[in-house]
Amino acid sequence: SHKTLLCPNFPCRCPIARQICQTSDFLTASPQRLSLLAFTTEIILDYDMRLSWQVLSLGLLASVVPSAIAVSWGFRDATVSVQKKGAGVGAGVQEKILENKRLPQVIKLGEPYTLKVTLTTQEGESPKKPHQAFLQLKDPDTGLDISYPFSVKDNGKARLELMQDDLPIQFLRSLHPFDAEVIIGSFGSSVAYHGTAFSLQIERNTAAPIPSPEAERYGKLKEIRHIFNPSAKSPPIIVTLVFVVVVLAASPILAGIWVFLGANLNHLPVAAKSAPLPHVIFVGSIIGLEGIFFMYYTCWTLFQTLPAVLAVGSITFFSGSRALSEVQGRRLAGLR
């Protein structure tokens with residue numbers, strides 16, 4: 001109770017004062033000594049609070065500093081040149097481009113010339129390939145703009161070539177220079193780069209007509225006339241007759257070989273009596289197929305021939321199966 005009444009900071013939050021309070025001398029101390037101890041404890045606590053605030057301030061400052069010095073995208077070793085196609089290295093006009101600084105002179109692009117822009121993209125101080133790198137041409141009066149992507153390698157080296165044929169008609173008809181801006185950006189926390197590099201002036205041939213846009217409209221179009229190739233013609237009649245004579249000349253030879261090998265014509269009456277209709281239809285359908293092929297060879301088209309072949313071929317299949325069944329029956333009976 002003595003300590004509680006005389007020490008306003010009991011129990012002490014400071015580890016040093018707490019050790020003093022727990023000593024045996026403090027239990028028997030006089031009121032003057034207890035007042036001095038309370039004053040000392042207040043000084044220690046005040047110092048402790050100030051030190052805590054200083055540490056907290058330093059921590060907040062450390063968290064703000066990185067965002068203040070964030071890495072940004074940029075470029076280096078940038079040049080712009082205008083030269084004719086096929087010209088050697090160093091020919092034509094060539095200027096060096098700096099970051100955040102426009103070229104004082106205007107770059108002029110003639111009709112037979114090519115505009116070449118080369119640079120090395122970098123993130124901070126290290127070369128790196130960004131996600132997007134463009135050269136944006138912008139008309140300061142109308143606000144019309146168009147972007148052309150750079151061809152960028154993994155080491156950050158970028159290249160772009162433009163001719164008058166690559167520009168829209170609105171830029172070709174312009175009489176004043178327009179801005180050429182470089183845009184570089186990518187994913188992450190790095191700040192993108194967007195700055196005007198130079199001014200571009202289009203120089204056209206005064207004798208050549210100024211192109212005019214032709215917008216497509218919905219409406220009636222011109223009639224389309226299809227021209228088909230002429231139909232295929234048969235070979236000359238002389239060639240056809242030569243092959244017909246060869247086939248007819250081979251027929252007697254085939255008949256002689258058939259008789260020599262033992263063809264038995266005595267079974268013809270038996271076959272005609274057992275199954276006359278299948279045999280007649282089978283032989284007639286074969287002759288009909290030959291006639292269809294002859295018509296296709298001379299005058300019919302493929303679309304006329306196919307239906308006829310399918311119809312006659314079906315008849316040949318069913319009648320032939322019946323005729324061959326009759327022949328098989330005679331073979332099984334021992335008739336040869």
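What share of the contacts in the protein with a separation of 6 or more comes from residues 24 or more positions apart? Such pairs account for 67% of those contacts, where a contact means heavy atoms within 4.5 Å.

This is a predicted model, in which local features need pLDDT of at least 70 and side-chain atom pairs count only at pLDDT 80 or more, while totals for chains, interfaces and linings use all residues. Residues are numbered from 1 along each chain as its sequence is written, and side-chain values use heavy atoms, with hydrogens and water left out.

**Overall composition**

The protein has 9 helices and 11 strands; helices (H or I, at least four residues) and strands (E, at least two) are DSSP runs, numbered from the N terminus. Of the 336 residues, 26% are buried, a term that stands for under 20% relative accessible area, with exposed meaning over 50% and partly exposed in between (1.4 Å probe, protein chains only). The accessible surface comes to about 24400 Å², and carbon and sulfur atoms hold 64% of that surface. These areas come from the Shrake-Rupley method with a 1.4 Å probe.

**Annotated spans**

In the unreviewed UniProt entry, the annotation "transmembrane region" covers residues 55-75, 237-261 and 281-303. Such annotations may be inferred rather than shown by experiment. Two of the spans are described in the table.

| Span | Distance between end C-alpha atoms | Helix | Strand |
|---|---|---|---|
| Residues 237-261 | 37 Å | 96% helix | 0% strand |
| Residues 281-303 | 25 Å | 87% helix | 0% strand |

**The second largest pocket**

The second largest pocket has a volume of about 270 Å³. On a 1 Å grid over the protein atoms alone, a pocket is an open set of points where a 1.4 Å probe fits, with protein on both sides within 12 Å along at least five of seven lines. The volume is the space filled by probe spheres set on the points. Lining residues, which have an atom within 4 Å of a point, are Val239, Thr240, Phe243, Val244, Val247, Glu290, Phe293, Phe294 and Tyr297. Helices α6 (237-260) and α8 (276-298) each supply at least two residues of this lining, and α6 gives the most, with 5 residues. By class, the lining has 7 nonpolar, 1 polar and 1 charged residues. Here Ala, Val, Leu, Ile, Met, Phe, Trp, Tyr, Cys and Pro count as nonpolar, Asp, Glu, Lys and Arg as charged, and the others, Gly among them, as polar.

**Positive phi values**

Most residues other than glycine have a negative phi. Asp77, in strand β1 (residues 73-84), has a positive phi near 50 degrees. Asp77 counts as exposed because its relative accessibility is 54%. Asn100 has a positive phi near 55 degrees and sits in the loop between β2 (93-97) and β3 (106-109). At 61% relative accessibility, Asn100 counts as exposed.

Ala275 is placed in the loop between α7 (268-274) and α8. With a relative accessible area of 11%, Ala275 is buried. The C-alpha atoms of Ala275 and Glu326 are separated by 6.8 Å, although these residues are 51 residues apart along the chain.

Gly320 belongs to helix α9 (residues 302-332), and Gly320 is buried, with a relative accessible area of 6%. From Gly320 to Ser285 the C-alpha to C-alpha distance is 9.3 Å, for a sequence separation of 35 residues.
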